[in-house]
Amino acid sequence: LSGAIGSKRVLRQLAVIAMRGGSTVSKFLLAIYTARYLGLADLGIYGLLASAATMVPAVLGFGMTEWLMRKIVDLPRAEALHLIASRLSMILLLHLILWPPAFGLDILLGEPLPLRIAALSAAILLLENLGVEAADMLIARRRVLLAYWLTFLRTGFWPIPVMAIGLLYPETRTLESLLLGWLGMLIVSALIVAALAIPEGRWRHLRPRLVPLLRNLPGSFALYVKDVSSMVSLFLDRFLISVFVGLELTGVYTLYWSIANVAHSLTVYGLLQAQLPQMVAAAQTRDPGKFLALERHLQFETVVWSL
């Protein structure tokens with residue numbers, strides 16, 4: 001029995017690594033495709049949007065994601081769904097509040113980003129944020145493989161049909177077509193998540209309750225500072241390059257940054273994050289020996305997969 005469980009775990013790890021690796025490769029190919037057929041300036045815009053899609057969950061998360069993931073690991077389904085619905089509703093509300101001033105500023109500045117592109121970008125940032133949160137909640141509820149399948153759809157699969165259509169039909173080689181392909185797959189992923197709420201009456205427990213969530217906001221300040229500072233340190237340089245030297249060199253930077261991101265993504269998302277529920281459960285036992293044993297095991301796996 002233990003051998004079967006171990007084999008299943010290895011296969012799951014291989015699937016996760018394959019999906020993360022596939023996502024990284026497809027994004028790298030998309031960067032080459034965009035630079036070749038759309039131009040470095042459009043690649044720069046895409047790079048800025050991809051960076052914003054990574055930063056926004058941290059900025060609008062207020063440090064509550066990690067706390068919420070720990071909270072729902074062992075909660076009954078009904079209580080966990082209430083917290084998840086509250087979290088997703090809070091994110092949706094924040095985006096809707098920020099849209100009017102963002103569009104107003106774009107118009108006031110003479111539309112440096114055309115309104116059609118700005119509208120697509122706003123929708124992408126919203127659905128990316130919701131998708132990231134939903135994947136984190138699924139991981140916390142030990143639905144790791146499902147979370148990574150959905151993440152692969154959002155981040156790794158959509159460039160493939162976009163590039164294929166662009167190669168077959170040259171008229172679709174535009175930034176707007178690229179963003180429409182991205183948005184389309186985000187909608188598909190969101191519909192899959194929504195469909196998960198239908199079986200067994202799960203949808204009845206999806207009534208948001210923001211007040212209990214907001215009560216924990218002050219205690220999340222340290223995590224919020226950590227999340228924002230880590231994201232800003234990773235992606236602020238891309239925005240500074242676009243401001244001071246232009247979008248074309250931002251596109252060049254995006255291309256080379258994609259190469260450097262491969263190893264980091266495979267290690268963090270393919271190995272460590274998939275084990276987060278086990279780490280939380282080990283920490284909750286308050287047994288230092290059990291937690292250290294898990295830590296040593298993860299360190300060994302990291303070394304093996306790196307080699």
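**Overview of the protein chain.** Among contacts (heavy atoms within 4.5 Å) with a separation of 6 or more, 79% join residues 24 or more positions apart. The model is predicted, with pLDDT of at least 70 needed for local features and 80 or more for side-chain atom pairs, whereas totals for chains, interfaces and linings use all residues. Residues are numbered from 1 along each chain as its sequence is written, and side-chain values use heavy atoms, without hydrogens and water. The chain has 13 helices and 0 strands (DSSP runs numbered from the N terminus: H or I of at least four residues for helices, E of at least two for strands). Of the 307 residues, 39% are buried (under 20% relative accessible area, 1.4 Å probe, protein chains only).

**Helices α3 and α4.** The axes of α3 (residues 64–72) and α4 (residues 77–108) come within 10 Å and cross at roughly 165° (lines fitted to C-alpha atoms over the stretch in contact, with angles from 0 to 180 degrees between N-to-C directions). The pair is therefore roughly antiparallel (over 145 degrees). M64, T65, L68, K71 and I72 of α3 meet A80, L83, I84, R87 and M90 of α4.

**Surroundings of T250.** T250 lies in helix α11 (residues 247–272) and counts as buried because its relative accessibility is 0%. Its side chain reaches the backbone oxygen of G246 at 2.8 Å. Apart from neighbours within four places in sequence, T250 is in contact with G44, L48, R238, I241 and S242.

Terms used:
Parallel < 35°, antiparallel > 145°, perpendicular 65-115°, else oblique. Buried < 20%, exposed > 50% of the residue type's maximum accessible area, 1.4 Å probe, protein only. Polar contact = N/O pair within 3.5 Å; in protein donor to acceptor, adjacent residues only side chain to side chain.
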